[in-house]
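Good morning, and thank you for the time on today's agenda. Please turn to the sequence and the model, which I shall now put on the screen.

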Amino acid sequence: MTANAGTTASLVSGQGGRVAAERLRKRLLEVIADLNADLDHQQIFTRICKACVQLTGASAAAFLIIDGQHGRVCAVHGDLPPSVLQLDYSVDADELTRVVASGRYVVADVHTSPAVTGEVRAVLGPLHTAVLTGVVAKGQLVGALAALYNEVNHRASADEEELHDVLAGFAGVAIANASAYDTVVRAEAHHAAVIDGIADGVAVLDEAGRVTIWNTAAAELTGIPATEAIDRPFPLPRGEPGLPLEHHLGDGRWVELTASPLDGGHVVALHDISRQKALDAAKTMFVAATSHELKTPLTVIKSFGEWLRTNIDTAEPERRQMALDAIADSAEELRQI
């Protein structure tokens, strides 16, 4: 938000000249700086009320959050007791229509207005006139800035009304900014929760290759906590984008890393392949052991089979029988294997 010096000066034309105009301009700039310094709604509402009292001469100010036909006092400043913050306020349909249509609604005397409850009157005490200026954020009426005066039927000057409008406008922009910030924070928290909930490790790297995100699974897979990974170079090899790369972490732990380009960096997926590697090793050992077990009976079968092929007609019956028995026994051994 920015303040236009010419606009602020026009607000006090005829009320103190250039000195007053300069003071008002500086105070409005301070208000803007205060509002932009904090994204907390409650702090924003309190600062708006304080500025309203200081700049318009009101005896007190209150900020009402409006949701449908229900209002809630959430911040006050000036001659109002803290108990006013406990009040809920039912917004009459006619009042709401006027605020929406004109941006402002004036209650000449809160102590005689049928729209004001006895509970509210008791809290307001010596305050009589209430000037409510609608606060709009993102095209929606979200609240009202109430300036309260001691005198009955206080008639706000054009300068006061313009100040009310300026402050309400500041409030609307500040609320919209704070809401947008809240939305971003919630979205980031949601994304972080999603990433943390992924079973595979996920690391996000910036353009320089430094880690900006290191989820829980990445920490568990690698044994490197996020505090030691974030803002540091990626601690593992990552290979070419799109090409999986296997890496041995030690102690039988293996990961498969797949890097993908990301706007302003890379995202690296870390998949635990330790079980797959263990199964591959077991399969290799099984094949080697089985090959060894098969080799002996096969050698016997091959040897006696070739001997019988060349000596079947001339061999003595005892030797032929011995060869046939050896082949049969080895075949049974193979069957058992």
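Predicted model: local features only at pLDDT ≥ 70, side-chain atom pairs only at ≥ 80, totals over all residues.

Residues are numbered from 1 along each chain as its sequence is written, and side-chain values use heavy atoms, with hydrogens and water left out.

Let me begin with helix α3. Helices here are DSSP runs of H or I with at least four residues, strands are runs of E with at least two, and both are numbered from the N terminus. Helix α3 covers residues 41-56, which makes 16 residues. From its first C-alpha to its last it reaches 22 Å, close to the 22 Å expected at 1.5 Å a residue; the expected span is 1.5 Å times one less than the number of residues.

Which residues of α3 are buried? By buried I mean under 20% relative accessible area; exposed means over 50%, and partly exposed lies in between, with a 1.4 Å probe and protein chains only. The buried residues of α3 are Ile44, Phe45, Ile48, Cys49, Ala51, Cys52, Val53, Leu55 and Thr56. After α3 comes glycine 57, with a positive phi near 80°.

I turn now to the salt bridges. The term stands for a side-chain nitrogen of Lys or Arg within 4 Å of a carboxyl oxygen of Asp or Glu. How many salt bridges does this rule give? The count is three.

One of these pairs is glutamate 246 with lysine 277, at 2.7 Å from N to O. Glutamate 246 belongs to strand β9 and lysine 277 to helix α9 (residues 274-311), so this pair ties together parts that are 31 residues apart in sequence. Glutamate 246 is partly exposed at 37% relative accessibility, and lysine 277 is partly exposed at 23%.

Another salt bridge joins the side chains of lysine 302 and glutamate 306, again with an N to O distance of 2.7 Å. Both residues lie in helix α9, four residues apart, about one turn of the helix. Lysine 302 is exposed, with a relative accessible area of 52%, whereas glutamate 306 is partly exposed at 36%.

The remaining pair to mention is glutamate 332 with arginine 335, whose closest N and O atoms are 2.6 Å apart. These two residues of helix α10 are separated by about one helical turn, because they are three residues apart. Glutamate 332 is partly exposed at 32%, and arginine 335 is exposed at 60%. As a general point, an α-helix has 3.6 residues a turn, so residues three or four places apart point the same way.

Next is the charged patch. Which residues form the negative surface patch? They are Glu293, Asp325, Asp329 and Glu333. A patch is made of residues with over 30% relative accessible area and no salt bridge, with like charges joined within 9 Å. Asp and Glu count as negative. Helix α10 (residues 317-336) supplies the largest share of the patch, three residues. Glutamate 333 is found in this helix, and its relative accessibility of 35% is why it counts as partly exposed.

Helix α10 also holds methionine 322, which is partly exposed at 46% relative accessibility. Methionine 322 and phenylalanine 304 are 18 residues apart in sequence, and their C-alpha atoms are 9.2 Å apart in space. Leucine 298, in helix α9, is partly exposed with a relative accessible area of 43%. Between leucine 298 and isoleucine 327 there are 8.9 Å in space, C-alpha to C-alpha, for a sequence separation of 29 residues.

Asparagine 153 has a positive phi of about 55° although it is not a glycine. Its place is the loop between β6 (140-149) and α6 (158-197), and asparagine 153 is partly exposed at 34% relative accessibility. Aspartate 231, likewise not a glycine, has a positive phi of about 70°. It is found in the loop between α8 (226-229) and β9 (245-250). Is aspartate 231 buried or exposed? At 52% relative accessibility, aspartate 231 counts as exposed.

How values were computed
Patch = residues over 30% accessible without salt bridge, like charges linked within 9 Å, V, L, I, M, F, W, Y side chains within 5 Å. Areas by Shrake-Rupley, 256 points an atom, 1.4 Å probe, with all protein chains shown as cover. Charge placed at Lys NZ, Arg CZ, Asp CG, Glu CD.
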